[in-house]
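Keep the viewer open as you read.

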Amino acid sequence: MAAPLELFCWKGDYGLPSVDVDCLTVLAYAKFAGAPLKVHKITNPWRSPTGTLPALKTREEGSISQPSKIIIHLRKQKYNADYDLSAKEGADTLAFVSLLEEKLLPALIYTLWIDSKNYVDVTRRWYAENISFPLNFLLPNRMHCQQLEKLRLVRGDPVLEPGEQLEKELYRDAFECMTLLSQRLGSQKFFFGDSPSSLDAYVFAHLAPLLKIKLPNGKLQQHLTSLNNLQQYCTNILALYFPSDAREAPGRKTHAQPDSSDLDNEPHKRRNQVLSVLFAVGAMLGYAILTGIVSIKRERPQLKNSGHDDGDEEDED
Amino acid sequence: MSLAAEAFVSQIAAAEPWPENATLYQPLKEDQILLSDSASSLAVQTFLRMCGLPVLVSCRANAEYMSPSGKVPFIHVGNQVVSELGPIVQFTKAKGHSLSDGLDDVQRAEMKAYMELVNNMLLTAELYIQWCDDHTATEISRPRYSSPYSWPLNHILAYQKQWEVRRKMNAIGWSGKSLEQVYEDVSQCCQALSQRLGTQPYFFSKQPTELDALVFGHLFTILTTQLTNDELAEKVKSYTNLLSFCHRIEQTYFKEHERESQSGSSRHSKGSLP
């Protein structure tokens with residue numbers, strides 16, 4: 001047998017196998033379909049073969065990054081979670097995935113990346129703490145800008161400004177979408193009976209972050225927890241298919257509370273040390289240059305002279 | 001439309017009956033309108049006909065700039081202006097005209113999901129073919145889109161629009177797709193719609209809903225619009241139940257209406273189905 005395919009994705013936290021929606025989709029689908037993947041959970045998208053996460057390294061087609069394409073590739077490798085679905089159920093899958101992408105995803109982007117309190121307190125902090133040193137200053141901001149840009153283009157509003165108005169519109173759509181999903185799910189275990197399909201992977205990936213990540217501004221969260229069957233559905237999938245991550249969470253959470261202050265202080269301390277050293281070096285260099293400018297200026301005329309000489313020579317020629 | 005305005009609208013909308021002079025605005029039908037706008041406009045017209053609400057169709061060169069959301073079509077009813085199918089459906093519902101009241105919760109969820117499928121795949125595919133396929137963009141989209149304007153505004157506006165659509169495609173991950181893949185997506189979408197429709201007269205058995213209006217608007221426009229090649233229409237034509245579905249709605253809501261009321265203003269001047 002050939003070696004298993006390699007999947008690169010964002011590492012997990014908060015009791016989730018990954019913090020990113022797209023990565024979660026792929027991970028959940030792979031579990032549902034029973035695909036034996038070698039998963040690399042990393043925190044540096046630049047180390048992925050495509051430069052973005054998730055990414056699947058394949059033998060024939062190079063590396064692919066879009067979740068839908070990864071799922072199609074896995075399906076071609078005979079890891080098909082939708083094998084038992086009727087044609088109509090396949091059509092329903094397509095329709096509900098569209099519903100998620102059009103109605104829930106914009107609100108999810110907003111709540112994680114645009115809402116300033118959530119972004120500063122949770123999202124940026126998580127990425128800044130987990131991405132390695134020089135990139136952690138750069139990447140969270142860049143991702144924030146990319147997400148804002150995406151939201152603008154998807155909404156077709158080039159001057160879209162985050163604010164109450166936008167939040168209300170997005171959340172209204174998202175509430176409706178969640179309610180519709182809850183109604184469609186009813187009392188079933190999965191969307192199409194007793195075994196999970198690709199639609200379950202998508203729904204789970206879009207809802208689980210809302211359920212697990214504790215956000216200061218948690219309106220979406222509140223609505224989701226009010227829909228008991230959807231909440232139960234996510235918890236079930238986590239317990240059944242990602243037992244290690246789900247079990248890790250509560251233990252880590254309780255530890256995290258007292259630990260977090262120490263853990264937070266630790267990198268901050270180190271960062272402060274690095275910053276202060278940098279500042280000191282900068283100040284010294286600045287002083288040196290300040291005094292050095294004089295010497296440089298003294299030298300420049302010579303340089304310029306030589307340059308002028310060249311020019312003069314040419315002129316003379 | 002702003003949210004406060006929307007709440008206000010739904011409050012007073014309920015009080016006022018549907019006026020006789022309600023108007024739907026869209027770009028110029030013969031020279032300017034593009035496939036995607038034409039489809040959206042036809043969807044709204046079909047929806048209003050299904051509700052039995054009369055509307056005059058008015059073509060304006062600057063319809064896009066008149067619309068509150070920047071998207072066509074929009075309707076002007078009494079004191080209110082509402083754009084796009086989704087808000088229009090809510091607006092007429094506030095006035096007491098709804099097509100989806102007879103559905104149960106699960107059916108309503110499915111209806112919304114399929115409407116998003118059409119928006120997410122068919123509409124995006126139409127936009128892609130119009131603006132991202134270079135051949136179609138140069139031959140059809142840019143000249144038509146900018147036809148009411150003189151030089152140099154025509155070029156500026158057309159390229160601006162094209163750039164905007166391309167950036168959107170980039171953001172939703174469609175820019176890497178080839179034309180073939182987009183046709184494949186359209187086919188997949190039609191396949192899903194065809195499966196859902198089955199042998200029923202409408203998507204949810206005997207009564208039409210807003211989903212039927214939306215699907216008809218897009219499919220009928222794709223079938224009757226001349227593009228650089230007819231591959232897009234061919235994709236739709238391979239699903240016979242969708243074809244007869246379009247036929248049925250055209251017969252019921254456009255041909256009969258025309259015979260009953262010979263009002264020229266709301267005449268539907270599209271070619272009939274093949």
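What follows goes through the ground rules, then each chain in turn.

## Ground rules

This is a predicted model, in which local features need pLDDT of at least 70 and side-chain atom pairs count only at pLDDT 80 or more, while totals for chains, interfaces and linings use all residues. Residues are numbered from 1 along each chain as its sequence is written, chains are lettered from A and ligands numbered from 1 in the order in which they are written, and side-chain values use heavy atoms, with hydrogens and water left out.

## Chain A at a glance

Chain A has 10 helices and 4 strands; here helices (H or I, at least four residues) and strands (E, at least two) are DSSP runs, numbered from the N terminus. Read from the N terminus, its elements go β-α-β-β-β-α-α-α-α-α-α-α-α-α.

Of the 317 residues in chain A, 44% are buried; buried means under 20% relative accessible area, exposed over 50%, and partly exposed in between (1.4 Å probe, protein chains only). The accessible surface of the chain is about 16,700 Å², and carbon and sulfur atoms hold 54% of that. Those areas come from the Shrake-Rupley method with a 1.4 Å probe, and for residues only the protein chains shown count as cover. Among contacts in chain A with a separation of 6 or more, 71% are between residues 24 or more positions apart, where contact means heavy atoms within 4.5 Å.

## The chain A sheet and its helices

In chain A, 4 strands make an open sheet in the order β2-β1-β3-β4, with mixed pairing; two strands pair if DSSP finds at least two bridges between them. The edges are β2 (38–42) and β4 (63–64) of chain A, each pairing on one side only. Strands β1 (residues 6–10) and β3 (residues 55–57) of chain A run antiparallel and are joined by 3 bridges. Look for A:F8, whose bridge partner in β3(A) is A:A55. Helix α2 (residues 67–76) of chain A lies across β1, β3 and β4 of chain A, at about 30° to β3(A). Axes are lines fitted to C-alpha atoms, for helices over the stretch in contact, and angles run from 0 to 180 degrees between N-to-C directions.

Is A:A30 buried or exposed? A:A30 is buried, at a relative accessible area of 6%. This alanine lies in helix α1 (residues 21–33) of chain A, and beyond its neighbours within four places in sequence it is in contact with A:A35, A:L37 and A:L74. Further along, helix α8 (residues 219–226) and helix α9 (residues 228–241) of chain A pack at about 95° with their axes 5 Å apart. That contact is made by A:L224, A:T225 and A:S226 of α8(A) with A:N228, A:L230 and A:Q231 of α9(A).

## Chain B at a glance

Chain B has 11 helices and 4 strands. Buried residues make up 51% of its 274 residues, and its accessible surface is about 12,000 Å², with 50% belonging to carbon and sulfur atoms.

## The chain B sheet

The 4 strands of chain B form an open sheet in the order β2-β1-β3-β4, again with mixed pairing. Its edge strands are β2 (56–59) and β4 of chain B, and the twist averages 25° from one strand to the next. Helix α4 (residues 85–94) of chain B packs on the sheet, touching β3 and β4 of chain B.

Strand β1 (residues 23–26) of chain B pairs with strand β3 (residues 74–77) of chain B in the antiparallel sense over 3 bridges, and B:L24 stands opposite B:I75. β3(B) and β4(B) are also antiparallel, over 4 bridges. Their hairpin has 2 residues between the strands, and B:G78 takes a positive phi near 60° there.

## A serine worth a click

B:S83 is in strand β4 (residues 80–83) of chain B and is buried, with a relative accessible area of 6%. Beyond residues up to four places away in sequence, B:S83 touches several others, including B:P68, B:F74 and B:I88. Its side chain makes a polar contact with the side chain of B:S69 (2.7 Å). A polar contact is a pair of N or O atoms within 3.5 Å; within protein, one must be able to donate a hydrogen and the other to accept it, and residues adjacent in sequence count only if both atoms are side-chain atoms.
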